[in-house]
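Dear colleague,

I am handing over the structure shown here, and below it you will find what came out of the analysis.

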Amino acid sequence: MFAALNALALFLYWRAAFAGEKWAVPNDARQFLSWTARISDPGAMQGNVLADYWQQTAPLFYRALLYASYAVGIEPLVMMKSLGLIVLPASAYFAWRLASAFTADPFARYLASSCVIGAILHIDAVFSGTPRAIAVPLILMTLYAIASERRILAVTGLLLQAVVYPAPAITCLAIYALDMLRWNPPFTLAWDARRVTVLVLTTLAVVTAGLIFKEGLAGWGPALRLDEALHIYSMTNFDGRSTIVGADGSVAWLCSRRIGFLPAIVNCRGNDDPRLLLNFAVTIAPMIALAIAYQKRAKQGRLASGAKAWRFFLYTLVAALLCYIFAASIAFSVHLPSRYSQPVLAIMGMLALGLCMAGLLKRALAGSFRVPGIILAMVLALGLIATFATPQTTIVSPRNGDLIALISATPRTTHVAGIEQDLDFVPLLTSRALLASTEHDIPYHRRYHQLNQAGLRASMRMATLDGSPAFRRLLKRHDTDLLIFDRAFLSTGILPQKYRHTMPPPHRIKPSIGKLQAIRAFGCRVVETRRWIAIFTGCFRHGSRSAKFPRFLA
C-alpha cells in the first residue's frame, strides 16, 4: 500500500513535469539553474548579476551534480526535473526505515511513514529541483541512523547535509549530540571520552562545511539583519515576495514559511493565524504525547525492545528549539530561522502523528469502539489517498511560450530587460542574460538585493520609451539588446501584480504604448502580440548618431 501511494505521487509528478507544457520547470529551479548556460559555455552571461549570484548560491555538491549529469549528456533542467523521480523513492525508503526504528508493527510503520511522506509531498521541497530536494532523503537518513544508533551512517548523513543544505544539518547535529551524550532530563548527561571525541570531530566537520558555504557568499553581502529586514518592502508587505510578517505587521515568529518555528504543514501566515493551532496539533502535540508516554513506560519498567528510541522525540524538540532560537537571534546571518526548525519538526511531528493514530485505531478496533474505529480507518485511508493524489509538484510554465521561443531565437549574447511576468523564465529556458527579475529578488544578501532592485527600477524607467538621452544611457549602461514589456503595463502604466509585491512604490508610469509608432519610425524592430511587446534596441545603441528620435510622435 505504501509503495502504491508513492507510485501514484510519482506518476502525477512525472505527468506534470514531462508530459505537459513544453516549457514546464520546477518553480524554484528558475533561481538555482539561472546560471547553467555556463556549464556548456563558460563564457555565457558574462558579468550578469543573476547568473553570478545563483551560481555561487548553489552548494558545491549541487553544482557537481549538474556538471556530472551534463558530462553524460543530461541537460541541467532535465536533471533537476528528474531529481524528484529519484528523491521521492529514496525519501520513502528512509521514512519507512525511520518508522521501523520506533515500532515493529507493520500497520503503524505504514501509517507513520505515509504521514511523513504525505507531509513532504505538500511542502515545497521534494519536487523543487533545488538543494532542498536533495536534503529531504538526507535528513530522513540521518534521523533514522541516529534513532537506530548507526553511528557511521549518521555521521555520513550529517556531512552530506552540510554540503547540500547546512541549516537542518545543524539541528540534526544537535539531536545527534543529545543522543551521543545520553541526555536524561532534566540535567543528566552520560558520556565518555570516545563519544565526546567523535562528537567534536563531527561538529567541526559539519560547521566548517557550513561556514565555507557562507563565506562563499560574503561578496554579495553583508548579510541582512532583522532591523534592516523591517525596512524592506517585500519582507514587510503581507503579500510581499519574501514577507516575514503577519497580517498585523508583526514578525511571524510562530508560524510562517520563511521565519516561523512551527512546521507549515498547513499554510500559516502570522502569530495570530488560527491555522498555527492546527500545525501545532499535528506535529508538536503528538511528539510531546509520545515523549510523555515514554517517561511513563520507563518509570513502570514496561520498555519493549527498541523503546529507547522514544526519547528521540524529546531530543528533536529541544534541538529544534535551541537551534531556532540561535538562528532567530541573528536572523538571516545564518540563513532563515525556519530552515533550522521546520524541516526536522515536520518529519518527526508527522511520524509521531502517524504512530499516535495507529495506536488509537488499534485500541478502538480491539475494544468496544469497533464501529467508530472502522469509520476512522476508512477516513484515514481516503485521506491518505487524497494526500498522495494531490502532491505539490511545484511545476510552473510561462504564460507566453511564443515569447520564450522568440528570445531563444536571438543570439546567445543577447541581454534582456523589461517588465513582464515571464521574464522569470528567461535565464533558465533561453540561456540569455536578464537584467533583473521578481522571482530572483531575494533580499538576504544586501548587495545582491540592491543590484536586482536597481535593475527592476531601470527596467521600469526603460518603459517610458521616450528615446531621451537618459533612456539611451540606461540601455547603454545595462547593455540591453532586447526590451520585453507586458502590453497591459504599457497601456495603463500600472505595474503587474508580481512587481507590485516585490518593488516599493511608485508602481506606475505614464502609459507609453502610443510611443511604439515613433520607435518604429526610428527604425527599431518591434514585435507585438495581444499580451507582450518586444523591442530590439540596436537602433538606439548602434544606429546613426545623426538620426533623431521623432519627438513629435513620442
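The centres of domain 1 and domain 2, taken over C-alpha atoms, are separated by 37 Å, and the assignment, which is automatic or from a database, places domain 1 at 1-389 and domain 2 at 401-542. This is a predicted model, in which local features need pLDDT of at least 70 and side-chain atom pairs count only at pLDDT 80 or more, while totals for chains, interfaces and linings use all residues. Residues are numbered from 1 along each chain as its sequence is written, and side-chain values use heavy atoms, with hydrogens and water left out.

Between the two domains about 3300 Å² is buried, 64% of it from carbon and sulfur atoms; buried area here is the accessible area (1.4 Å probe) that two parts lose on being put together, summed over both. Trp23, Arg30 and Leu50 supply 23% of the area that domain 1 buries against domain 2, more than any other three residues. In terms of contact (heavy atoms within 4.5 Å), 40 residues of domain 1 touch 39 residues of domain 2.

The rule finds 3 salt bridges across this interface, a salt bridge being a side-chain nitrogen of Lys or Arg within 4 Å of a carboxyl oxygen of Asp or Glu. The side chains of Arg30 and Asp424 form a salt bridge at 3.8 Å, N to O.

Leaving aside neighbours within four places in sequence, Asn48 is in contact with Arg38, Ala433 and Leu434.

Best regards
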